[in-house]
Amino acid sequence: MMLAVSISSSTAWVVILTLGVLWVGLGIWWGRKAKNSEGFMLAGRNIGLALGAATAMATWVTSNTVMVAPKLAYTQGIWGMIGYSTAAFGLLLFAPLAMRIRSILPKGVTSGDFFHQRYGTTGWVIFMIITIVYSLAWLITMSIAGGELLNALTGIPYHQGMTLILVVCILYTLFGGLYAVVGTDFIQSLIILVGILIIGFLVLSQINIPDAHQKLLESQPALLDHGMPVALLAIFNLMLFGFGEVFHNNVWWSRAFAMRKSVAPKAFFLSGLLWLPIPIAAGFAAIAANPLGVNITEVNQVGPIVAEHVMLQAGLGAAAGLLILIVLFCSIASSIDSLLAATSDLILNDVSKNVFKKTIPEASFHKVAGIVTVSVGLITWLLSLPRWPIVNVLYSSGPLVASLIWPVIAGLYWQKINRPIILTGIVLACGLGVWAYYSPHLGWYTASLIGAAISMITTISARWILPQPIHRIS
Amino acid sequence: MPHKGPQSQAIVDINFFVSKPRLSKSVLTGLITGALIANIALALEPPKLSCKLPKNTNGAYACSDGVIDLKWKTDANSQFELQATNPVNPETFKHRYKGTDQSSVLSGLAEGTHHFRVRAIHADDSSGPWSENLTLEVTYMPASRVRLLLILGGIVVLATIGTITFGYLNHRGKEGEA
């Protein structure tokens, strides 16, 4: 079955605009606390445990979690479902890293600061290329997913829906900075959790487990096969993709800098634990598709299709579309706002410091920050207009981010390294990882693993072959 | 979305022809017969089953992840029935789907050869002819390569976790040290 248009486009406009006004209003309200650049970019470095854990968890609950986790469960079965949840280990492992980051960079603002000081201008340029490609691809896929979902659920034309979601996120990020992002993330994460719990409960109440198991054995046996090659390899691939994303991206570093020093490690660890079961709950619904008699016509929409089916079966009618719309809108918004803020901060802080060799004066900071945020949003909007299948760019960027795992660890903990070897390793890992992604002999499910492995070998070599003392971080 | 099918094409407003005196009875009969023949021809035409996977040297579609996105095209306004064989029972087609959708993503397919076919089921429960069989060969990555990559994955993940743990323990309490 395809997603039925469960609610009218006028109702959808009302719901989205109400949520939009709420987010923007809260953004302005919270944004009043942002008196200076540190307040705007890092929420005054004073975020506590509850907000810190919630913002980290909500940012990790992207539309990918509610869309890709079910897709992986539907195509790779039990291992696919568990494999996606291992991305939580990225957050769990970032907890000790956050402690070290706060210790060595007490005045740090972005992950770019770290790369520039540890790996010089060349290292910073390589990092910026990787992170901008990855972050823009992520932003664009989120806005495309938003437009497509609104279209599928409500009939709102793609361009209108995509623009609506982006404008709402740009507005509250613009007014409130990280204060607004963290605050809205907290509310959004609660809504997402409640939504997924309801869907999971409905699936459980409508399925007979032994019967479902028998049906899967007959028609989709590989989904239950503990030795399914694609799924087994995808576990490591997804885990390393997650490590690479969390370890390098400014979305996470900005949160580490924004939380109180003693809170950061606990908040990341807690958010990892909270996030861990979410893909399993979302994926379980997808595995149940066939036993529930749901025909999947579009694999990217397996989650919403099953959710809609079980809610309609439960007699929830129009509420089905409404709940799915709200949960998906919150998932997408919680990622778009974080990416907008973190990418804008990276450009604002790093480009001004490392390219123009200037620091933005406090008096004009809000104006410049606004221009950068709107520009990033505008670029995202322009690149989302053609509805490119850019999701492949995002997926194939797995080896790019995985190639940064070991350079981050080495830069944080090691005292001596051979910088040129590490930088050569990053480039090599990116190239061979992307090659593996498209190779018929290896496949997408090995790409991040190949990238991380090559980078690991070269980084370890760099510790022993003519190592030089690392640059001191001021 | 309503499909333009044989039923809709067969609806002919007789009054339209009767009110046109210049149309002879034979022309009217010819038009109606033509419409009926076209309708029957459409009903007899099997759906065209396709997928976007590449073909291997045997001429069969090939995949390495056990997933196929099947689509079928027809002008018939009907329900459809999709059947498939599996490598264990290659001669026996089993029911996979019945409904109005014109596509289906099948996943978790076992390694080996699968055949798929689809046909239209009309409102009166009569069924149209089966489509041509679409053959898919699922070949998963060789076990030796999987083992090698799994070992590599295990080493990379354990080394990453180990190095972070060692670094954490080694630097714990060393505040402000760069």
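Modeller: With a definition: a salt bridge is a side-chain nitrogen of Lys or Arg within 4 Å of a carboxyl oxygen of Asp or Glu. Keep in mind that this is a predicted model.

Biologist: What is the count of salt bridges between chain A and chain B?

Modeller: The count is zero between chain A and chain B. Polar contacts are another matter: the rule finds 12 residue pairs across this interface, both residues at pLDDT 80 or more. On the side of chain A that touches chain B, helix 4 (63-85), helix 5 (88-104), helix 8 (209-219), helix 9 (229-248), helix 18 (405-413) and helix 20 (447-464) each supply at least two residues. Helix 9 of chain A gives the most to that side, with nine residues.

Biologist: How is the size of an interface given, and what area is buried between chain A and chain B?

Modeller: The size is often given as the accessible area lost when the parts come together. Here about 3,800 Å² is buried between chain A and chain B, and carbon and sulfur atoms give 67% of that area. In chain A, the residues that lose the most area to chain B are Phe236(A), Asn295(A) and Tyr413(A), together 13% of what that side buries. The contact takes 53 residues from chain A and 42 residues from chain B.

Biologist: Now a single residue. Does Asn249(A) count as buried or exposed?

Modeller: Buried means under 20% relative accessible area. Asn249(A) counts as buried because its relative accessibility is 1%. Asn249(A) lies in the loop between helix 9 and helix 10 (250-258) of chain A. Leaving out residues up to four places away in sequence, Asn249(A) touches Ser111(A), Thr131(A), Tyr134(A) and Ser135(A). With Ser135(A), the side chain of Asn249(A) makes a polar contact of 3.2 Å.

Biologist: Which residues make the nonpolar surface patch?

Modeller: Ile28(A), Val167(A), Leu171(A) and Phe175(A) make a patch of about 310 Å². Helix 7 (residues 158-206) of chain A gives the most to the patch, with three residues. Leu171(A) is in helix 7, and Leu171(A) counts as partly exposed because its relative accessibility is 32%.

Biologist: How many helices and strands does chain B have?

Modeller: Chain B has four helices and eight strands. From the N terminus on, the order is α-α-α-β-β-β-β-β-β-β-β-α. Of the 178 residues in chain B, 37% are buried. Among contacts in chain B between residues at least 6 apart in sequence, 60% join residues at least 24 apart.

Conventions: Residues numbered from 1 in each chain as written. Chains lettered and ligands numbered in written order. Predicted model: local features only at pLDDT ≥ 70, side-chain atom pairs only at ≥ 80, totals over all residues. Heavy atoms only, no water. Patch = residues over 30% accessible without salt bridge, like charges linked within 9 Å, V, L, I, M, F, W, Y side chains within 5 Å. Areas by Shrake-Rupley, 256 points an atom, 1.4 Å probe, with all protein chains shown as cover. Buried < 20%, exposed > 50% of the residue type's maximum accessible area, 1.4 Å probe, protein only. Contact = heavy atoms within 4.5 Å. Buried area = accessible area lost by both parts, 1.4 Å probe. Polar contact = N/O pair within 3.5 Å; in protein donor to acceptor, adjacent residues only side chain to side chain.
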